[in-house]
Amino acid sequence: MATITAPLTARGNYLMVRDEYASAVKAYTACLDQPDVTDADREQLLACRSAAHMALEAFPAAVADAREATQLNPSNFVALVRLGKAAHGAEDFVTAVAALRRAVEVGSGNSQTPAFVECTKLLNQCQAQLSLSKLRQAGGGGGGGGGGGDEGPAAAGPGKRQQQQQSALPTAAA
C-alpha cells in the first residue's frame, strides 16, 4: 500500500470491524482519491469498499466496486465472491452466477476453506434462483399460490425491476 493510503486503508478496516460501514466507505473512498494509488492497491480498496457497501445494503454500489476490482484482476477470489454476493443482494442472478462460477475456478486449489465452501453454497443458491426466475418468465409459474405478480416495476426491488425490464424486451421486439 502506498504510504499516503496505508493509514486511510487501516482506518477503513478498523471502521469495518466496528460496524461503522458508512464511515468505512468514506475512508476507502479517500484512499481511492489519492493520486498515487497503484492498480493493485485500487483493486484491494475497491473490494473492501464493496464489502462496506454490501453491509449498508447498497447493492448497486457494491456491484460496481467489485466489478471494477475484478476488471483490474480477474483472478481476485475475494472480489469475485463479493461481486457474486452483491449481485445476489441486487437479485441479479445472472451476474451472481457468472462471478461465483469464476470464483470457484480461481479458488479451486483452496476448496476446503470456509470461504470456498460458502462460495459454492451461494453459487448453488443463485443457480436455483436463476432457474426459478427463468421458469417464471417462461410462464411456468413456480407454485406458491396467488398474488405477488401484480405489484409492477414500481413495487419491485432494483434487481426485480431489471429482470422485468429484461423480460419485457423480447416481447416489445416481437
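The buried residues of helix H5 are covered by elements that include H3, H4, H6 and H7. The model is predicted; local features require a pLDDT of at least 70, side-chain atom pairs count only at pLDDT 80 or more, and totals for chains, interfaces and linings use all residues. Residues are numbered from 1 along each chain as its sequence is written, and side-chain values use heavy atoms, with hydrogens and water left out. Helices (H or I, at least four residues) are DSSP runs, numbered from the N terminus. Buried means under 20% relative accessible area, with a 1.4 Å probe and protein chains only. In H5, the buried residues are Phe77, Ala79, Leu80, Val81, Leu83, Gly84, Ala86, Ala87 and His88. H5 has 13 residues. From first C-alpha to last it reaches 18 Å, close to the 18 Å expected at 1.5 Å a residue. The expected span is 1.5 Å times one less than the number of residues in the helix. Glu91 follows H5 and has a positive phi, near 60°.

The N-terminal end of H5 is capped by Asn76. This residue is found in the loop between H4 and H5. A side-chain oxygen of Asn76 lies 3.1 Å from the backbone nitrogen of Val78. The backbone nitrogen of Ala79 lies 2.9 Å from a polar atom of the Asn76 side chain. Asn76 is itself buried, with a relative accessible area of 7%. Contact means heavy atoms within 4.5 Å. Leaving aside neighbours within four places in sequence, Asn76 is in contact with Glu43 and Gln44.

H4 (59-72) has 14 residues, which should span 20 Å at 1.5 Å a residue. Its end C-alpha atoms are 20 Å apart, in agreement. Phe59, Ala62, Val63, Asp65, Ala66, Ala69 and Thr70 are buried in H4. What covers them includes H3 and H5. Ala69, in H4, has a relative accessible area of 0% and is buried. Leaving aside neighbours within four places in sequence, Ala69 is in contact with Glu43, Leu46, Ala47 and Ala79. Ala69 and Cys48 are 21 residues apart in sequence; C-alpha to C-alpha, they are 9.6 Å apart in space.

H3 spans residues 39-55. It has 17 residues and reaches 24 Å from its first C-alpha to its last, close to the 24 Å expected at 1.5 Å a residue. Twelve of the 17 residues are buried, so H3 is largely enclosed by the rest of the structure. Among the buried residues are Asp41, Glu43, Arg49 and His53, along with Leu45, Leu46 and Met54. Glu57 follows H3, with a positive phi near 60°.

In soluble globular proteins, nonpolar side chains tend to be buried together. A nonpolar core is a set of buried Ala, Val, Leu, Ile, Met, Phe, Trp, Tyr and Cys residues joined through side-chain atoms within 4.5 Å. The largest such core has 24 residues. Phe77, Leu100, Ala103, Cys119 and Cys126 have the most contacts inside it. Two or more residues of this core come from each of helix H4, helix H5 (77-89), helix H6 (93-107) and helix H7 (114-137). Apart from it lies another core, of 17 residues, among them Tyr28, Cys31, Ala51 and Ala79. Leaving aside neighbours within four places in sequence, Phe77 is in contact with Ala103, Val106, Gly107, Ala115, Phe116 and Cys119.

The structure holds zero disulfides, a disulfide being a pair of cysteine sulfur atoms within 2.5 Å. For Cys31, the nearest cysteine sulfur is that of Cys48, 9.1 Å away. Cys31 is buried, with a relative accessible area of 0%. The sulfur of Cys119 is 9.4 Å from the closest cysteine sulfur, in Cys126, and that is too far for a bond. Cys119 is buried at a relative accessible area of 2%.

The pLDDT, the predictor's confidence in each residue from 0 to 100, averages 81 over the chain, and 77% of the residues score at least 70. Over residues 144-174 the pLDDT is below 50. Beyond near neighbours in sequence, this stretch has 16 contacts in the model.

Methods: Buried < 20%, exposed > 50% of the residue type's maximum accessible area, 1.4 Å probe, protein only. Polar contact = N/O pair within 3.5 Å; in protein donor to acceptor, adjacent residues only side chain to side chain.
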